[in-house]
Structure formats: structure tokens, C-alpha cells
Amino acid sequence: SGSSHWFRGGESQPMAPMDSPENSPRRRHADYSSSPRRSRRPWGDAGVCTIDPHGHKEKLPRPTSSLAAVYDCNEGDNVVGSPRRSPSSDIHAAERNAGRRFLWPTTEAVVLRQTTVPVPIPLAAVCTPFADTADSTSLLISDTGSEEPLRCSRCRSYVNAFWRRVHRDSSKMSCNMCGHYVELPQKFISDMERAGQSSDMESHPELSHGSVDFTASEQLDVDRPAGPREPVACFAVETSASAVSSGFATSVLDALERVLGDADCLPLRRQVCLVTFDEAVTFHARTRSGRFGAVSVTDVDEPFLPVGPELLLADLEDEAEREALLALLRGLRGSLAAAAAPGPAAGAGPRACGGSALRACIEAVARSGGGDVVAFHASPPGSGLGLRGAGLRAEVSSPQPPAFYQETLELCRQGGVAVSTVTAPPPDCRLDLGTMQWLPWRTGGEVLHLPAFDRSCGSRLTDTLRHWAEQMQGSAYGCVMKLRCSKGLTCKQLIAPWRAAPSSPDQSAFEVPRLCPDASVSFLLEPEAESDDEDTFQSRRDPRRQLYMQAAILYTNAHGERLLRVHTASVAVVTTVRALYQSVSLAPLIVFMLKQAVAMCLEQKPGSKHLPSDVLLEFCLQVLTIFRRHCHSAEVEGPGMVISRRLCLLPLYVLAARKLLYYITRKQDSASSADEHLRRLLRMPVHSITAALYPRVYALPAAADEESALPEPCLTLQEQLTSGTSPAYLITNGFGAWFYEVEGNGSPEEVAPVDLRDNAEVLCERLRESLQPSPVWMPLRDLPRLARATARACDALPWQEEVLLSTLFVEDEGVAEMGYAEWLQFVHAQVMKVAY
């Protein structure tokens with residue numbers, strides 16, 4: 001009592017990791033009490049813990065591992081003690097399921113029988129298909145040559161590690177998705193007989209691994225106009241009077257030169273081209289001398305390519321062509337700097353034809369085989385195509401964009417072209433971000449908004465472009481994705497920045513021009529309830545019964561290879577809600593619930609009374625109430641909150657999610673800025689969202705060299721910084737990093753402020769590497785002063801800084817939410833009120 005330690009057999013135990021084998025729902029013989037009533041678990045059950053909200057706050061459960069350790073599991077976690085496995089499972093069972101980075105269900109089990117107890121935990125799958133980048137060699141490749149990969153003729157799922165040979169007929173295999181007997185090709189049978197086993201690692205890795213790549217045959221790409229080619233990149237830079245006077249145009253050219261000219265560590269290894277536009281579109285094509293010449297298109301109402309796309313491209317891996325491109329960038333920057341007037345009014349002169357330039361660049365990239373178009377805008381389109389809906393407004397565009405953008409989106413899908421946008425208006429110019437960012441979100445591109453741009457933003461622009469170049473190199477293009485479920489599961493909803501394919505009524509398939517390594521989508525699945533007839537009862541009691549989900553993605557990598565990536569995962573079938581609770585994976589569960597809340601925010605009408613943050617609270621209370629009623633021993637006593645070990649961090653994550661949504665929707669300067677942050681959350685992977693929900697604090701100085709491990713994080717409390725023993729701290733949430741130097745509280749050893757800042761820079765770079773793939777570049781800034789560090793009331797923080805601090809220090813009392821301890825007391829009181 002007075003403590004939130006875990007209890008097991010009456011003895012206090014240290015807290016175990018969220019998904020460790022110790023938290024497994026499988027009960028050992030010693031965990032049973034001597035009572036004949038074994039349908040109730042005793043107080044010594046390893047799957048149950050208690051939290052005392054009135055105890056010491058240092059003892060409350062919180063994430064203690066590093067930011068990127070969310071996917072880690074102890075050896076044997078998927079073999080011993082998991083509902084996904086049976087006692088007869090082989091030792092390679094973990095490899096038969098896709099890694100958590102790729103495909104992670106919210107639960108490892110599902111209840112199919114009809115029950116009077118409601119099941120509040122949704123079954124969903126969070127899929128990040130290219131978490132290891134599309135050109136990575138971490139996945140094995142099954143080379144099928146010109147033949148289509150083996151798949152079931154009934155359900156159309158692909159062969160995977162859960163297929164089994166039919167004992168009565170060795171020429172057939174049983175499909176795990178539908179149970180159909182699939183006739184094997186003679187070559188497939190010969191390969192397995194040659195290997196002497198059913199799992200041939202060299203010829204058929206799909207029979208032993210849950211994630212694998214297949215070579216894609218032409219039969220899978222009947223609708224593609226041409227064969228796969230290496231993706232290219234096109235940079236379209238606005239050079240209007242507004243862009244030149246603000247310094248944006250020259251800053252972009254300087255950033256491109258820095259990124260593309262880094263020969264020692266070239267982030268982008270492909271062919272690129274440069275297009276500039278003001279009142280006309282200017283293409284820079286290679287001449288016979290190897291240099292570049294300008295070719296302008298003045299008819300912006302009907303833009304076209306004046307030369308072949310092969311003359312526009314320069315290979316960055318070719319030293320001569322790269323130097324010619326760098327010379328072009330330097331020449332343009334010098335001419336624009338010389339032509340810049342001392343102080344013209346922003347927006348003076350002819351309007352830029354941004355829409356026409358965008359359409360021409362997309363055509364050039366599509367004819368080259370697909371790739372990226374990165375457009376840099378300092379003003380809204382003032383001539384040519386795309387005028388309607390891109391005026392000087394700051395509101396989010398309507399759900400139905402102008403026909404120009406709808407037509408352009410269809411061209412991007414057909415050509416495999418992703419559009420990324422950088423918007424940097426001068427201080428007195430406002431852009432309609434909702435319209436100008438509409439295309440990037442639906443083509444898998446990136447967005448960056450730099451309001452009130454000045455030349456001091458150049459370093460951030462350079463770092464962001466370098467991050468984007470690395471993302472491009474690891475991205476997949478021309479992607480077509482389909483999620484298939486075995487009998488007993490049905491796909492109900494897709495949560496992503498883009499819509500499902502019109503031909504997929506269950507929202508299990510979509511087509512997108514690009515999927516970057518950090519792109520993640522979520523699918524809501526619904527188990528099909530079974531009847532209570534005798535046959536169903538016998539199959540339900542089978543401990544080896546499993547259901548399956550398989551994600552198949554057809555794509556082109558950075559080398560121009562057309563491949564098919566397949567991820568397969570299984571979930572067990574259990575008969576009680578208690579076993580379901582003990583199979584929950586909290587990280588994908590809270591990520592899915594947050595994405596559902598984000599989708600509600602984007603679709604919410606003004607004045608709606610049903611707030612997404614309240615939906616998160618209702619979900620938390622319902623989950624805890626059902627557990628209190630049906631899933632713990634009646635002999636439990638004491639003032640603490642009884643909860644499943646796997647859900648011990650649920651109240652904390654729900655509190656953090658509510659604070660994060662408040663920060664995004666209330667702090668932002670405009671509705672368009674909030675829309676940008678919400679859509680970015682929709683496609684973020686699990687580790688990035690969990691890092692944003694619970695930031696980490698590191699004491700400085702810290703060992704940050706590559707040979708040493710990352711330091712252990714401190715408590716995420718403002719008190720840790722204001723009264724800690726370290727001279728400085730580093731706080732990070734994946735979106736950014738903040739440096740804080742304690743005033744008047746030095747360390748035993750004198751450390752120069754410059755050394756502390758340098759140490760923070762090195763540690764921040766290590767954290768960036770550990771968080772890859774990351775959706776954004778993580779800059780290092782100074783943390784606003786903390787209100788608790790001063791005693792004067794007049795030193796209160798500005799409201800916007802208080803909102804930021806409430807998302808960084810989620811355990812402290814925030815602007816609109818209570819602290820962690822008070823939150824637990826409130827949740828516990830609500831659960832006890834409803835449960836009894």
C-alpha cells in the first residue's frame with residue numbers, strides 16, 4: 001500500500017516491460033490458487049498489477065526504455081507465453097510473423113464466440129511496409145523470374161510461412177487464409193525436394209519468414225504504360241519578384257547546392273532536373289557542351305515540355321554532370337541576387353504561374369518513369385493553371401478541391417509521381433495552405449511551411465531538404481497495397497491521408513504514388529462472431545487455431561526494380577475476455593486510437609459537441625471498467641487501481657494524447673497549420689507517435705560517442721530540470737529537441753556552456769539516428785524558461801509556451817489538463833463509480 005509496485009504472490013516486484021514474456025496471458029501451474037474455482041485469477045496473478053494514485057509519483061508506471069525500443073521484445077517472447085503460439089510451435093515461430101516494425105496488430109488474440117461481456121479493445125493492424133527502406137537488403141528476395149508468385153486460387157493470398165503441405169498429396173499445400181488446397185507448380189516441388197525440407201531458405205524464403213520480397217512479373221502490372229525505371233527528382237523553384245525580394249529563391253538554390261553537392265555523403269543518388277518559374281516556366285536542359293541552357297514556355301495556360309525529359313536530367317552519381325548542375329545553381333543564385341531590388345513590395349510584379357509549372361514538372365517526371373516533384377512557392381498562383389481555390393486565404397480548403405488538383409492527382413497516380421511542397425510567403429502575404437498542400441498529402445509527398453520567411457530560415461531549409469533527399473532514396477514508388485484477412489476477419493476501415501481505392505468497398509486496398517520509410521497506415525478489422533453449434537465449439541477449443549492478415553505491396557524501389565513485398569502476421573483465437581486483455585499490445589493500440597481521434601478532428605464540423613479528446617477518455621474508462629468487472633480476482637483489496645500489466649501505461653498515454661491534440665488544434669496560428677500537423681500524425685509510425693506522446697529527458701553532459709549506448713532518460717517532470725543535479729538537460733519528442741541550461745545550479749565539475757551545447761548537438765544527432773525512419777527533421781532549439789524556476793508572479797510564461805511545455809512534460813499539470821497523479825485519481829474514481 002502507498003506504492004505502485006507490481007504484486008505477485010504477495011511480494012513486491014519491479015515493473016516489467018510492456019510486452020515482456022512475464023506479462024504473457026498463458027498461466028503456469030504455480031500461478032493457480034488451491035481454490036476449486038479456477039475461473040477467477042488469484043491476487044498473485046502475474047498478469048494483474050495495482051497502481052496507487054495517492055502514492056509517490058516516482059513509483060507510478062511510465063515508459064523507461066529508449067525512444068526506439070518500442071519494437072524490441074525479449075528472445076522467445078513470441079514463442080513462450082504468447083497466445084499467438086501453441087506449446088507445439090517450433091522455435092522459428094517468431095520469424096514466421098512479420099516484424100513489429102512492418103505489421104503490428106493491436107492484440108495478439110481475438111474472441112470469436114458470442115459473449116455477453118462487451119469487448120472494448122479494437123482489433124486493428126498498423127502497417128509500415130517500408131520501415132527498413134524500399135532499397136534495403138534486410139528482407140530476403142524470392143526470385144520467381146517471369147512467373148507470378150505462388151498464390152491461392154480461391155482467396156488470392158500469397159504463399160507464406162503458414163502454408164502447410166498436404167500429407168495425403170505432397171503436390172498440394174493448404175492455404176492458411178481460407179483452407180483451400182493449392183496445386184503446386186512442378187518447379188516449386190522440385191525446389192523443395194532438392195532442399196530436402198519444406199522451408200528452402202535460398203529458393204523460397206517465403207516459407208520461413210513473415211516478411212519477404214518477390215520479383216514482380218509483368219502479369220502484376222498490366223495497367224502500367226511502360227516498364228519500371230529508376231525514379232527521378234525534379235525541383236521547381238519560384239523566382240518571382242516576391243520570392244527574390246524575400247531571399248527565398250536564393251536560399252532554395254543555396255540549400256540545393258549544399259545538399260546535392262555533398263560528394264562525401266550524397267543523400268540522393270539519382271537523376272535530377274531543375275525548373276524555375278515566374279510569369280513563365282523555364283526548363284534548364286543540357287547542351288552539347290555539357291552545360292545547361294534555358295528554354296522558356298510562355299504559354300502558361302497550356303504548358304508543355306519543350307524538350308525531351310532525358311535532356312533535362314543530370315545524374316548525381318556522374319561527377320561531370322553533378323558539377324554542371326552545381327554550376328547552374330551557383331549561376332542562377334548569383335544572377336538573382338544581382339537582380340534583386342533593394343526593397344520592393346512583396347508581391348510586386350507579375351504573378352507566378354505555380355500551377356502550370358507543377359503540371360509541366362509532373363509530366364516530365366512521369367515520362368521519365370516516376371519519382372518526385374519538389375515545388376518551392378513564395379506566392380499563390382497568379383497566372384496559368386490552378387488559379388481557383390489558391391487565393392490569398394488562410395482557411396483550410398473545402399473537401400472538394402478544384403478540378404485542376406483532382407486531374408493532377410490522377411496524373412500523379414498514373415505516372416507514379418509524388419509532389420512535395422515548400423511554402424515560404426513573405427510577412428505580408430498569406431497562402432491557402434489547405435489547397436497548396438492538398439496534393440502532397442495524397443501522393444505520399446512532404447510539406448514544409450515557413451511563415452514570414454527571412455534569410456535566417458536557410459539552415460532549417462537545408463536540413464529539411466537533406467532529410468527529404470534521404471527519404472526519397474529509401475521510398476517506394478507506384479505503390480498498390482492490399483490487405484487480405486483469413487476467414488473470420490473482415491476489414492472495415494482504412495485510416496490514412498489518402499482514400500481507399502474505389503474498387504475496394506471494404507477499404508482494404510489503395511494506390512498511392514509514393515510510400516516513404518516512415519509512412520504508416522492503419523486498418524480496422526472486425527472478427528466475425530461464431531455460433532454455438534457443436535462443430536464450432538470443437539474448433540474453438542483447438543489451442544492451435546489462428547487467424548491471419550497479409551499485406552501485399554507492389555512497388556518500384558530506387559534502383560528501378562519492380563517488386564512485391566508481403567507481410568504476414570497471425571493472431572490466436574481465445575475464448576475469454578480475460579485472455580484477450582492479456583494479449584494486448586499497447587503501443588499499436590494507442591497509436592490506432594490516436595489516429596482515429598485525428599481523423600475525427602479532420603472531419604469534425606465547427607461547433608460539434610463530440611470532441612475527439614472525450615472519445616479517448618471514454619475508451620480508456622470503458623477498457624478499465626470491463627477489466628475491473630470481469631478480469632480480476634474478487635479477493636483484490638486496497639485503494640489502488642487494478643489493471644492489466646499490458647495496459648498499465650494506458651491512462652498515461654491517453655492523458656498525453658489529449659494534451660497533444662489540444663496543442664495542435666488550439667496553439668496553431670491558423671486552421672491550415674493545424675490541418676498540416678494532424679495529417680502528418682495520420683501517417684506516422686508507431687515509434688514516432690509514442691515518442692511524441694511521452695518525450696524523454698536526458699541529463700547533460702552525457703556519453704554521446706558512437707561506441708557508447710544512449711544514456712538512460714530521467715523523469716519527464718519540470719521539477720527534474722529545475723531542481724536536478726545536472727547543469728543542463730536535453731528534451732526530445734521526435735518532432736524536435738530542446739536544450740535547457742539550469743541557472744544557478746552547476747555540477748560538481750565545472751562544464752563550460754559551449755561544451756554543454758556541443759554535447760547536446762552530438763547527443764541529438766544520435767537520437768535522430770535511433771528514431772529513423774522519422775517523419776520530420778528534428779531541430780535543436782532552446783527550451784523556454786520554466787515558470788517553476790522563478791519566484792516572481794510577473795515572470796509567468798506566455799500562453800503558447802505553456803501549451804508547448806504541457807506536451808513535453810506530460811506528467812505535470814498542463815494548460816487544459818491535470819497532472820499524471822491527479823489524472824489517475826480521476827480515472828480511478830470514474831471506474832469505481834461505473835464498475836460497482
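Strands β13 and β14 run antiparallel and are joined by 3 bridges; two strands count as paired if DSSP finds at least two bridges between them. Strands are DSSP runs of E with at least two residues, helices are runs of H or I with at least four, and both are numbered from the N terminus. The model is predicted, with local features needing pLDDT of at least 70 and side-chain atom pairs counting only at pLDDT 80 or more, while totals for chains, interfaces and linings use all residues. Residues are numbered from 1 along each chain as its sequence is written, and side-chain values use heavy atoms, with hydrogens and water left out.

**Strand β14 and its partners**

β13 and β14 form a hairpin with 3 residues between them, and F277 has V281 of β14 as its bridge partner. β14 is also joined to β15, by 6 bridges in an antiparallel arrangement. F283 stands opposite V295 in β15. This second hairpin has 5 residues between its strands, and G290 in the turn has a positive phi of about 95 degrees. Because 5 of the 6 residues of β14 are buried, the strand is largely enclosed by the rest of the structure. Buried means under 20% relative accessible area, exposed over 50%, and partly exposed in between, with a 1.4 Å probe and protein chains only.

| Strand pair | Bridges |
|---|---|
| β13 and β14 | 3 bridges |
| β14 and β15 | 6 bridges |
| β9 and β10 | 3 bridges |

**Helix α6**

Among the buried residues of α6 are R322, A324, L325 and L336. Elements covering the buried residues include α4 (248–260), β13 (271–277) and β14 (281–286), where contact means heavy atoms within 4.5 Å. At the start of α6, a side-chain oxygen of D318 comes to within 3.1 Å of the backbone nitrogen of A320.

**The annotated span**

An unreviewed UniProt entry carries the annotation "domain: GATA-type" for residues 146–184; such annotations may be inferred rather than shown by experiment. This span is 0% helix and 31% strand, and its end C-alpha atoms lie 17 Å apart.

An open sheet of 3 strands has the order β8-β9-β10, with antiparallel pairing. Its edge strands, each pairing on one side only, are β8 (164–166) and β10 (181–183). In β9 (residues 169–174), K172 stands opposite E183 of β10.

Definitions and conventions:
Polar contact = N/O pair within 3.5 Å; in protein donor to acceptor, adjacent residues only side chain to side chain.
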